[in-house]
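Hi,

Here is the structure I promised to pass on. Have a look, and then read on for what turned up.

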Amino acid sequence: MQSIEAARKTAKQMLSLRRYRHTKNVAKAARALALRWGADANKAELAAWLHDVVKETPREGLLQLL
């Protein structure tokens, strides 16, 4: 499993500052909600860091990833 720190760094590299800030806030909320409801906080935060990571990648780049 990818580490939270690695996911954060990936998000920072691939996202605009605006979307990175959004993702950072989502990660914080995901962790808090997971703790509140007894879910795995690390998994929730990791998923949040990665949820938009290719959102700004051009179509050609997405095709290369596939």
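Which residues make a nonpolar surface patch of about 320 Å²? They are Met-14, Val-54, Leu-62 and Leu-65. A patch here joins nonpolar side chains (Val, Leu, Ile, Met, Phe, Trp, Tyr) within 5 Å, or like charges within 9 Å, using residues with over 30% relative accessible area and no salt bridge. Areas come from the Shrake-Rupley method with a 1.4 Å probe, and for residues only the protein chains shown count as cover.

Before the rest, a word on the source: this is a predicted model, where local features need pLDDT of at least 70 and side-chain atom pairs count only at pLDDT 80 or more, while totals for chains, interfaces and linings use all residues. Residues are numbered from 1 along each chain as its sequence is written, and side-chain values use heavy atoms, with hydrogens and water left out.

Back to Val-54: you'll find it in the loop between helix H3 (41-50) and helix H4 (59-65). Helices are DSSP runs (H or I, at least four residues), numbered from the N terminus. Val-54 is partly exposed because its relative accessibility is 33%; buried would be under 20%, exposed over 50%, and partly exposed is in between (1.4 Å probe, protein chains only).

Now the inside. The largest nonpolar core has nine residues: Ala-7, Ala-11, Leu-15, Tyr-20, Ala-27, Ala-30, Leu-46, Ala-48 and Trp-49. Helix H1 (4-14), helix H2 (17-37) and H3 each give two or more of them. (A core is a set of buried Ala, Val, Leu, Ile, Met, Phe, Trp, Tyr and Cys residues joined through side-chain atoms within 4.5 Å.)

There is one aromatic pair in the whole structure. The ring centres of Tyr-20 and Trp-49 are 5.7 Å apart with planes at 35°, so the pair is tilted. (Centres must lie within 6.5 Å; planes under 30 degrees apart are stacked, over 60 edge-to-face, the rest tilted, and Trp counts by its six-membered ring.) Tyr-20 is buried at 9%, and so is Trp-49 at 5%.

Finally, the charges. I have four salt bridges for you, each a side-chain nitrogen of Lys or Arg within 4 Å of a carboxyl oxygen of Asp or Glu. Arg-19, Asp-52 and Glu-56 are linked in a network: Arg-19 to Asp-52 at 3.6 Å, and Arg-19 to Glu-56 at 3.3 Å. Another bridge joins Arg-31 and Glu-45 at 2.4 Å, linking helix H2 to helix H3.

Cheers
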